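Colleague: Could you walk me through this one? I would like to go over the strands, the helix packing and the charged pairs with you.

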Amino acid sequence: MLNTELLFYAFRRLKRDKAPGVDGVTVDDYEENLQGNLQDLEDRIHRGSYRPQPSLRREISKGDGKTRPLGIACVEDKIVQRAIVMILERIYEEDFHDTSYGYRPKRSCHQALADLGQTITRRRVNWVLDADIKGFFDHVDFGKLQELLGRRIEDSRMLRLITKFLHAGVMIQDKRYATTEGVAQGSVLSPLLANVYLHYVLDEWFEQQVKPRLKGEALIIRFADDFICTFERESDALRFREVLTKRLGRYSLELAEEKTKLLRFGRFASRDCQRLGEGAPGTFDFLGFMHYCGTSRAGKFKLKRRTSAKKFRSKIRELKDWFRSKLTTPHNEVWPTLVRKLQGHFQHYNVNDNWEMLMKFREAARKLGLRWMRRRSQKGRNLSWEAYGLYLERHPLPNPGQITDLIAMGSAK
């Protein structure tokens, strides 16, 4: 199935504005002799002589002072990876569970949030396990991954091709390093491989082995390596928490203990906390939102969300760093980009009950914009708020538009 036609469709799905890999070849460069390049690529794949090149390693800021490694593959390797994904998605979309949302066709983080909201509001949920896998993408075991892939893929050539990508290595400061574990973040193929790994390690295990042994209801919602488990009974949650550590360890993974917590949560959490003298119910973060127990105008339980404090600080820090890097860039280039950054932020975070945090972010962007203008030159240092206000009238910052109604989205499922 890896023929010239499929490789052509895979090429058309590549983004043109991405940095080139170790060979320096861009998408436009590759396209100059596209037919010949793809034919040669197909021949090498089927002869078994195709060898992926090492990915170019870059450290990307996470906004909290830490970085995460990003692998930049060559254009040709991206084409092959995309073609592999197009084939394997047809297989695994039949297997993946409905509670898995990350990096899957026609699925989004908003759908994951809506599903979680419906679960907490409508199902028997009294406890939530907020779990975090420590450095998941860096610790995927190659041997275990190949074993899991072999459960559904019988074509040995396809398995060898995937293995070549796993062992392609990375280039760091012009020096090649071998890769013995992990899947590169930023790779076209990595999200699918990660989903396959966690499908067997978590989703399938939870449905087939964990739930039948529990006394009450339980559910898992997963987006890539970020997942939340809900339980009706505390005893079930505690048992699962214990066996989860052993299960992950069997696949060379471990929980980030400092980020994993079990908390009382749901429709009756406030009542139970008050009765037991535990104060207010706890909160948990998932997909950039802090989830907390609130009440509707009618006084009934309502799951509420707001931008998590950690994510908000990270976004502000990113914005500051971006402004700092644009001190010599013309206004007519910076301001449209700032508008797009705000629109992108609103697109993800404009959900029920989060208006205050959206406007707080917009106000921070407005103040940072003035500071940026004042720092650009000696003349700009005396720019007043009044003059800046006139500038904003001509070049307005966007406001949040229509909200993504997670409650309606969940009810319609």
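Colleague: Which residue takes a positive phi in the hairpin of strand 9 and strand 10?

Modeller: Happy to start there. Strands here are DSSP runs of E with at least two residues, and helices are runs of H or I with at least four, each numbered from the N terminus. The hairpin of strand 9 and strand 10 has 2 residues between the strands. The residue with a positive phi, near 55°, is leucine 287.

Colleague: Before we go on, how was this model treated?

Modeller: It is a predicted model, in which local features need pLDDT of at least 70 and side-chain atom pairs count only at pLDDT 80 or more, while totals for chains, interfaces and linings use all residues. Residues are numbered from 1 along each chain as its sequence is written, and side-chain values use heavy atoms, with hydrogens and water left out.

Colleague: In what order do the 3 strands of the open sheet lie?

Modeller: Two strands pair if DSSP finds at least two bridges between them. Strand 9 and strand 10 are joined by 3 bridges, and strand 10 and strand 11 by 7 bridges. The edge strands, each pairing on one side only, are strand 9 (284-286) and strand 11 (301-307). The pairing is antiparallel, and the order is 9-10-11.

Colleague: What is the bridge partner of histidine 291 in strand 11?

Modeller: Histidine 291 is also the partner, in strand 10, of phenylalanine 284. Towards strand 11, the bridge partner of histidine 291 is arginine 305.

Colleague: Why are helix 4 and helix 8 described as roughly parallel?

Modeller: Axes are lines fitted to C-alpha atoms, for helices over the stretch in contact, and angles run from 0 to 180 degrees between N-to-C directions. Angles under 35 degrees count as roughly parallel, over 145 as roughly antiparallel, 65 to 115 as roughly perpendicular and the rest as oblique. Helix 4 (residues 75-92) and helix 8 (residues 190-210) have axes 11 Å apart, at an angle of about 25°. The two helices are therefore roughly parallel.

Colleague: How far apart are the closest N and O atoms of arginine 12 and glutamate 31?

Modeller: A salt bridge means a side-chain nitrogen of Lys or Arg within 4 Å of a carboxyl oxygen of Asp or Glu, and the whole structure has 19 of them. This pair links distant parts of the chain, with arginine 12 in helix 1 and glutamate 31 in helix 2, 19 residues apart. The closest N and O atoms of arginine 12 and glutamate 31 are separated by 2.8 Å.
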